[in-house]
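I opened my notebook to look up a few things in this structure. Here is what I wrote down as I went.

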Amino acid sequence: MNNQTPQNGNRRITIDPITRLEGHGKIDIFLNERGDVDHAYYQIPELRGFETFSRGRPAEEMPQITSRICGVCPTAHHMAGTKALDSLYHVDPPPTAKKIRELIYSTFMLEDHALHVYILGGPDFIVGPDAPKETRNVVGVINTVGPDVGRKVISMRKRLRDIISLLGGKVIHPVFGLPGGVAKGISRDEVGRIRDAADDGVEFALFTLEVFKKIVLGYKAYVDMITSEAYTHRTYYMGMVDDRNRVNFYDGRIRVVDPSGKEFALFNAASYADHIAEHVEPWSYVKFCYLKQVGWKGFTDGPASGVYAVAPLARLNAAEGMATPKAQEAYEEYMKTLGGKPVHFTLANHWARIVEMIYAAERMAELARDPEITGETIRVIPTARPTSGVGVVEAPRGTLFHHYETDPNGIMQNANLIVATQNNSARIAMGIDKTAKELIHAGAVNESLLNRIEMTFRAYDPCNACATHSLPGAMPLRIRLFDHSRCLLREIVR
């Protein structure tokens, strides 16, 4: 924590860097003369130019290029990019290819959600929000739950990552997706290994739910914190659903519900630009998405504001249920316990994430037993001339859009990527500001309190690397030179 005094005489508190997230960011909190919060800003200072340097590349390279945006969620970008190529080349993959894609993607969702539950977001609850900061990490989690549970988590994540490598070529930057299908089928010898991993994945997800119930829901102070006004926003919610309005990660239509839970919009990926617009603020490299039909009304919630949310909380609010039995049971318990739909508590994202873990594991098990999963027809070769294509998936962090435009030879002319953290960016900014105002009074600040402010953004599992993908032209640069005793020698600013 760094304390600085701006020119207006007000106190400034900076959390830099913020921790346990993908990418980089900082929080600036400005206090008034009474020591209360005047405003708190969630700032993303990093910049990555994927939309710009994709131009001039062959479109079929996009699933590989965009997967380099992030080392945690490359499968989401690879899949969205592959589906955008299907749309671009006007080709429909065969059933086996679609099921292989969804199998890989369900495996990825289970593994990625486990990462956040136990390593990124989990320490705030398992170790405790007021625990010393040096213990709020994966080591602290293992010390709290015991080495046997730690081994269980590490072993399960390794097995899931091995399945992704088996089917996708690589776990960090997979190479399976092609326009019209996939690069590799599944042999009958491989199916048994996948089924075993899926069945164990279901057991692991249910075990995780029991851990959450015991450690979080069994402790009144945590429940009070989750349901407190400091972590509550009443916004619109967006998520992808199947033809029965149940959660689906791989394919479906985009459903939006209003703050009362009533359906507001239901649209296909290709028409996303009719519903979503982006707002720019000078203090962040992240754009702030909002619903076009409502309009940008600033950082405020309620039905008159176009601010919406994505991610697990939003997906469960936007859907009418889950498509697998054990996940549906968990969904019903989640909704009943938290007062019914829609749930507006930001920290409830953690519970919703575990419900999705159960669905991902069950769906993985279903696909591994589908007779078509070992089919031999895994691709339809594109023949149409490319024009424009849109692909969408539900990334672990929320709805992810890829939109490509090419010349007649398939060379990229324009790319638009709207990622989950962009969709959430306005609600995250509102949350940081509100939580800081609720918790800081009369200038009383400590590390525990600042961590509770950070918990606001951790609930969304944000990926700031994914969210800062445009290139406005120039990036501010600050270089600080320190001597061996950490005394500042010189500062160079561009």
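Entry 1: I am working with a predicted model. I began with helix α13 and asked how enclosed it is. I found that 17 of the 20 residues of α13 are buried, so the rest of the structure largely encloses this helix. Next I checked its length. Helix α13 covers residues 420-439, and at 1.5 Å a residue it should span 28 Å; I got 27 Å between its end C-alpha atoms, which agrees. I also noted a bend of about 45 degrees at Ala426 in α13.

**Entry 2: aromatic rings.** How many aromatic pairs does a search of the whole structure find? My search gave 18. I picked out Tyr41 and Trp283, an edge-to-face pair with 5.1 Å from centre to centre and 65 degrees between the planes. This pair links distant parts of the chain: Tyr41 is in strand β4, Trp283 is in the loop between β10 and β11, and they are 242 residues apart. I looked up Tyr41 as well, and its relative accessibility of 25% makes it partly exposed.

Trp283 also pairs with Phe288: the ring centres are 5.4 Å apart and the planes are at 50 degrees, so I logged this pair as tilted. Is Phe288 buried or exposed? Phe288 is buried, with a relative accessible area of 2%. I then followed the ring pairs and found a cluster that links Phe30, Tyr41, Trp283, Phe288, Tyr290, Trp296 and Phe299.

**Entry 3: charges over rings.** I found Lys83 over the face of Tyr250, 4.7 Å from the ring centre. I also found the charged end of Lys152 over the ring of Phe207, at 5.0 Å from its centre.

How values were computed
Residues numbered from 1 in each chain as written. Predicted model: local features only at pLDDT ≥ 70, side-chain atom pairs only at ≥ 80, totals over all residues. Heavy atoms only, no water. Helix = DSSP H or I, 4+ residues; strand = E, 2+ residues; numbered from the N terminus. Expected span 1.5 Å × (residues − 1). Bend = angle between axes of the 7 residues up to and from the residue. Buried < 20%, exposed > 50% of the residue type's maximum accessible area, 1.4 Å probe, protein only. Phe/Tyr/Trp six-rings, centres within 6.5 Å; stacked < 30°, edge-to-face > 60°. Lys NZ or Arg CZ within 6 Å of the ring centre and 35° of its normal.
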